[in-house]
Amino acid sequence: MSTLNKNIGLIGFGVVGQGFYSYLEENKEEKLLPKIVIKNNNKERDEVKAKFITEADEVINDKSVETVVELISDDKEAFDIVTKALKAGKNVVSANKKMIANNLEKLLELENKSKGRFLYEGAVCGSIPIIRTLNDYYSLDTVTQIQGIFNGSTNYILTQIFKDNVSYQESLAKAQKLGFAEADPTSDVSGSDALYKLLILTTHAFGKFISPSKVLKIGIQNITDSDIAFARENNLKIKLIASVKSNNNKLWLSVLPTFITNDSVFYNVDNEFNAVEVVSESIGKQTLIGKGAGSLPTGQVIYSDYKAPENYKYKYDKILSGKRIKYETQEFIWVYSDKITQFEKYIEEVVIINKSEGYAKVSIADLIKIQEELLDEKLSLIALTDEALKQLNKKYEFAYALQYA
Ligand SMILES: NC(=O)c1ccc[n+]([C@@H]2O[C@H](COP(=O)([O-])OP(=O)(O)OC[C@H]3O[C@@H](n4cnc5c(N)ncnc54)[C@H](OP(=O)(O)O)[C@@H]3O)[C@@H](O)[C@H]2O)c1
């Protein structure tokens with residue numbers, strides 16, 4: 001194939017786009033990128049050996065462009081670009097988790113009809129190569145669970161809270177100042193960003209396409225000083241844990257702030273680092289830990305997608321068996337709150353520690369029903385891992401335990 005045919009069309013030159021460009025420079029491949037599409041022509045930019053343009057169609061319709069690398073922020077505009085590029089027969093690389101999680105089934109159809117291929121390792125957990133790992137190495141194994149820390153900004157905020165003894169608000173302000181959290185941190189702190197990544201992994205590991213609106217998602221924005229004090233007193237930490245697990249052809253998903261014990265693999269995964277634990281029938285547990293975001297870590301993964309072998313595509317091997325799996329919400333989990341008695345009507349069992357404070361068994365389905373209300377009323381709920389529940393039960397065995405019929 002001639003060099004001319006390997007031209008790249010880069011759309012978006014922000015944090016990740018610049019990281020990707022630096023690997024092209026390092027490998028003396030920047031001549032393959034004659035044009036970069038941006039939005040605002042008046043922005044000051046570092047000098048690059050490419051022409052800045054503002055029309056994405058100009059590279060999509062360019063016959064010499066073989067691969068379109070889509071790295072813009074807006075999900076709807078990104079979907080439009082990726083759709084057009086696949087229809088034009090281009091290879092497409094993207095890192096837009098929101099766009100992918102919301103449209104993966106359609107994108108797959110487009111890819112199947114296209115001459116091009118669609119790769120997006122950078123969309124999930126930055127530098128951690130989890131999509132290809134699932135696609136290539138877990139295709140013959142049965143995955144039973146994936147869980148982990150999928151968002152670097154919230155992990156940075158939670159780490160600072162426990163390290164520096166500060167409140168959620170103080171830690172968020174520091175994260176924004178240092179560039180670890182965006183000026184508008186909603187997608188991160190609400191758990192949406194982690195959920196999009198979880199849904200992409202769910203398709204690769206379990207063959208299911210699930211809409212973000214159907215999944216239990218509680219963010220970290222309502223965490224109170226008393227939640228933090230309770231964690232400290234009990235030698236626990238709070239991490240935002242995304243989880244999908246399957247049993248008997250049923251599948252449960254959640255994104256929840258979670259108390260974890262000091263023997264958890266996630267306990268010392270701090271700052272902007274992410275972790276993905278995969279549990280499968282043949283292999284058992286394996287965990288990948290790495291930088292979850294940032295210009296160079298994500299740029300490297302985008303560069304690897306761009307350089308993927310010519311015939312490499314994601315196989316989506318699990319989609320056939322996924323048809324037998326049913327997404328479920330009828331599962332009980334344990335959650336802590338300093339106002340647990342306010343949830344009385346949803347509680348199956350409860351351990352009251354002090355006045356309104358305690359932890360209770362509630363169903364995922366009920367939590368989905370009230371998740372908006374929790375947000376509006378600034379009520380915090382922290383999930384307990386099985387280990388955290390055991391630890392608390394030992395300490396509070398003489399506390400007031402109540403079974404609701
Ligand atoms: N930041 C990370 O660490 C990270 C990690 C993993 C995945 N991602 C994902 O990667 C993507 C890019 O993130 P980012 O952090 O690099 O974003 P960013 O810093 O906000 O940069 C976005 C870039 O896209 C350009 N742009 C926006 N709308 C455009 C349009 N309609 N046409 C052409 N260019 C347009 C902007 O142009 P101007 O320069 O003119 O404003 C800017 O250069 C997002 O989907 C994000 O979720 C980011």
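The following legends describe close-up views of a predicted model. Local features require pLDDT of at least 70 and side-chain atom pairs count only at pLDDT 80 or more, while totals for chains, interfaces and linings use all residues. Residues are numbered from 1 along each chain as its sequence is written, and side-chain values use heavy atoms, with hydrogens and water left out.

**View 1. Salt bridge between Glu-30 and Lys-49.** The closest N and O atoms of the two residues are 3.3 Å apart; a salt bridge is a side-chain nitrogen of Lys or Arg within 4 Å of a carboxyl oxygen of Asp or Glu. Glu-30 lies in the loop between helix H1 (15–26) and strand E2 (35–37), and Lys-49 in the loop between E2 and strand E3 (51–53), so the pair ties together parts that are 19 residues apart in sequence. Helices (H or I, at least four residues) and strands (E, at least two) are DSSP runs, numbered from the N terminus. Glu-30 is buried at 12% relative accessible area, whereas Lys-49 is exposed at 58%. Buried means under 20% relative accessible area, exposed over 50%, and partly exposed in between (1.4 Å probe, protein chains only). A search of the whole structure finds 21 salt bridges.

**View 2. Salt bridge between Asp-338 and Lys-339.** The N to O distance is 4.0 Å. Asp-338 is buried, with 18% relative accessible area, and Lys-339 is partly exposed, with 33%. Elsewhere, salt bridges that share partners join Lys-35, Glu-58 and Asp-62 into one network.

View 3. Ser-114 occupies the loop between helix H4 (97–113) and strand E6 (118–119) and is buried at 12% relative accessibility.

**View 4. Nonpolar surface patch of Val-265, Phe-273 and Ile-289.** The patch covers about 230 Å². Patches are made of residues with over 30% relative accessible area and no salt bridge, with like charges joined within 9 Å and nonpolar side chains (Val, Leu, Ile, Met, Phe, Trp, Tyr) within 5 Å. Accessible areas come from the Shrake-Rupley method with a 1.4 Å probe; for residues, only the protein chains shown count as cover. Ile-289, in strand E12 (residues 284–291), is partly exposed at 48% relative accessible area.
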